[in-house]
Amino acid sequence: MSYRELKSQVKQCVEAALDANGFPTIKFEPVSPPRPEFGDLSVAVALNLAGRLKMKPLDVAEHIVSKIVIPEGSLIQKCWVHPPGYVNFSSIYPQYAKQTILNTLREGAIYGRVNIGGGARIGIEHTSVNPNKALHYGHLRNVVLGDSIRRILSYAGYEAQTLNYIDDSGLQVADLIVGFRYAGFNPEPEGAEKYDHYCGDVVYVKVNVLYETRKDLAAAQKQVLREMEDHTSDTARLASKITLRILAEQLKTCWRIGARYDLLNFESHILQTRMWNDVFEQLKNRGLVEFANEGKYVGCWIVRVEGEYEGEEKVIVRSDGTATYIAKDIPYAAWKLGLIPDRFGYRVFTEQPDRSRLWSTTVGQGESNPPVFAPYSKAITVIDVRQGRLQRIIGRILSDLAGDAQVNRYIHLDYEIVSLSGKTVEELGLGAGDKQTVSMSGRRGIYVNADDVLDAVHRKAYAETKKRNPDEDDAWLHGTAEKIAVAAIRFELLKQDLDKTIVFDLERALDLEGETGPYLQYAYARAARIIEKAGSISSVDSADFSKLTDPSEVALVKEISKFDVVVEDAVTNLAPKVIARYLYNTVSLFNTFYERMPVLKEQDETLKAARLALIKAFQTVVKNGLNLLGIETPERI
RNA sequence: GGGGGCGUAGCUCAGCAUGGACAGAGCGCCGGCCCUCUAAGCCGGAAGCCGAGGGUUCGAAUCCCUCCGUCCCCGCCA
């Protein structure tokens, strides 16, 4: 907050000084300089103007500084020129510290909030895992990313809703039915195995192996698919039963990692409500699809996608009249943006662990007063980068339909995939780890289940926590271990840039030290302990913030003051990573402070009070920030 | 063949959009630190022609071009 204020004051000062010198106005942004002795903010305009003015950068800077008028009551203390031509600004530190800390404490849980959304409803689709298997670790990147985006956008003043698309009528589901009916797989797992694990790890994988040798099963698959098309058939009912049961298990995993949803969209409902017909009619009327009378796609309806690629065309309706995969996505996307009538009914599906209601689409009436879902002002679809081409085509079709090519309301939030390290592949017996990394494949059984990773990290965290808290009971230990496990996994998946592949390595996943979620939680808990031991004696009123002069204190104060700017960055770039990096940095500064400054031993009560307030402000930032990443902050770990 | 991503320390990555002040972390390695605020920590050290070459610029890890390596996408599959 204070940082934003300081920055805007600096900017105005410099703009006025440029004007006073008769220098041209150019775009510039004050930035945090790399070293403390360069001040709190720095401006490089002189360097950029020098060429244009045919002057030496240093002279330009001198001219600027000579005309700078520091406004009364601002946070700016002074400014000066630094070679080769920077204009550096420092803040009035005691005031800056006081304002930052008090403001943070006053705002508490809403510190860092920025109103960018203005209440606009925004739809975020994520997870959308086929309901024929358990979530594997790669799916978790999607879930955690989508869920964090939801948290961040809500914090930024959007009415963010999360949608989970359930493809309950596809090929993968048919494979399970083939397994149960024609390949002799037991319809129930042995023992206590989770149903989604059983279907994915055993039935789905093995049926796909069997297809290679048993031609009768391939025929059976076609038969099953045909039967599923009639939603009143026994096969369709069985498919529905299986998918709902797997979905229930998948949701447990998603909730476990901290996600929640607003609505489940079932593909079968989109088919039954014939929403495709609505879209197809519009596409035909507007000439956005063409019937191919010749060429390799003769007899098909195709879309042409003008743009980066010349003459790109994509079949959306086959010559036998059936819709392709991409075509099935169009009505759903069009529904999100309100481009076709909403033909869904809605009903409560279940209650989630956070007590919120999870709704589902339905065919027919539904409940009388459901929440408002579509249309969304913007629809964000979280899917990995391999879907990029199709998503681009869908986006193009939608903006053509909406007639607003300029305003892109359909956003594909893409991210690189998660692969497995060769070492881990070998360790888990998933194949020969001769390569550096191996791509995951659900069908070939090359993956690690999300639940299994969570369990493994949980066990490790449990052992570590028990070591440090030997007197605590098992329930507390498990509760804490679970929070740590979630923190470790979520942070690991979020801190990395979206266009970089994440390589899952079992050993590294179990590392709870260094740049990890537990490191952040640990610092928070350390802070909590100081506050706890300090008791309630010292009040903020007696604090003398001008005494927070140790470099570790100054650095921490200044970092805390930047939180809201960081949140804004994360919002505009849809980048939880930015928050993760910032928090790690902040926590790291706190740890330095923690080692240097024995707070409770401090004799000077006014300084002690200031430090305690600083610690509380630090906690506020970490708590709010981690909350945006879906990571909890236990008081003790 | 066409399109796209990535290439920064032994390993995993920040920084690149909006070019500037000695290129930063974590892991690993070497050496210190429990003095009752939790050592899941801290401090110090070794380690980098920022893939290669060219260009633009007063200035390039950052922008442009070419090349190399690597991964992905390009089906009347989903």
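**Grounds for the descriptions**

Modeller: In this predicted model, three strands form an open sheet in the order β1-β3-β2, and their pairing is antiparallel.

Colleague: What makes β1 and β2 edge strands?

Modeller: Each of them, β1 (41–43) and β2 (76–82), pairs on one side only. From one strand to the next, the twist averages 20°.

Colleague: How do you know that β1 and β3 pair?

Modeller: Pairing requires at least two bridges between the strands. β1 and β3 (residues 86–91) have three bridges, in the antiparallel sense, so they count as paired. Val43 stands opposite Val87 in β3. Across β2 and β3 lies helix α3 (residues 57–66), which runs at about 160° to β2.

Colleague: Why is His197 called buried?

Modeller: The term applies under 20% relative accessible area. His197 has 9% relative accessibility and therefore counts as buried. This residue of helix α7 touches, among others, Ala134, Asn449, Asp451 and Asp452.

Colleague: Why are the buried residues of α8 said to line one face of the helix?

Modeller: Those residues are Leu217, Ala220, Gln221, Val224 and Met228. Seen down the axis of α8, they fall within an arc of 110°, so they line one face. Their cover includes α6 (171–182), α7 (195–210) and α9 (234–256). The face turned away from the buried side carries the exposed residues Lys215, Lys222, Arg226 and Glu229.

Colleague: What span does α8 reach, and what is expected?

Modeller: With 15 residues (215–229), α8 reaches 22 Å from its first C-alpha to its last, close to the expected 21 Å.

Conventions
Residues numbered from 1 in each chain as written. Chains lettered and ligands numbered in written order. Predicted model: local features only at pLDDT ≥ 70, side-chain atom pairs only at ≥ 80, totals over all residues. Heavy atoms only, no water. Helix = DSSP H or I, 4+ residues; strand = E, 2+ residues; numbered from the N terminus. Expected span 1.5 Å × (residues − 1). Buried < 20%, exposed > 50% of the residue type's maximum accessible area, 1.4 Å probe, protein only. Arc of directions from axis to C-beta. Contact = heavy atoms within 4.5 Å. Axes fitted to C-alpha atoms, helices over the stretch in contact; angles between N-to-C directions. Lists of a residue's contacts leave out its neighbours within four places in sequence.
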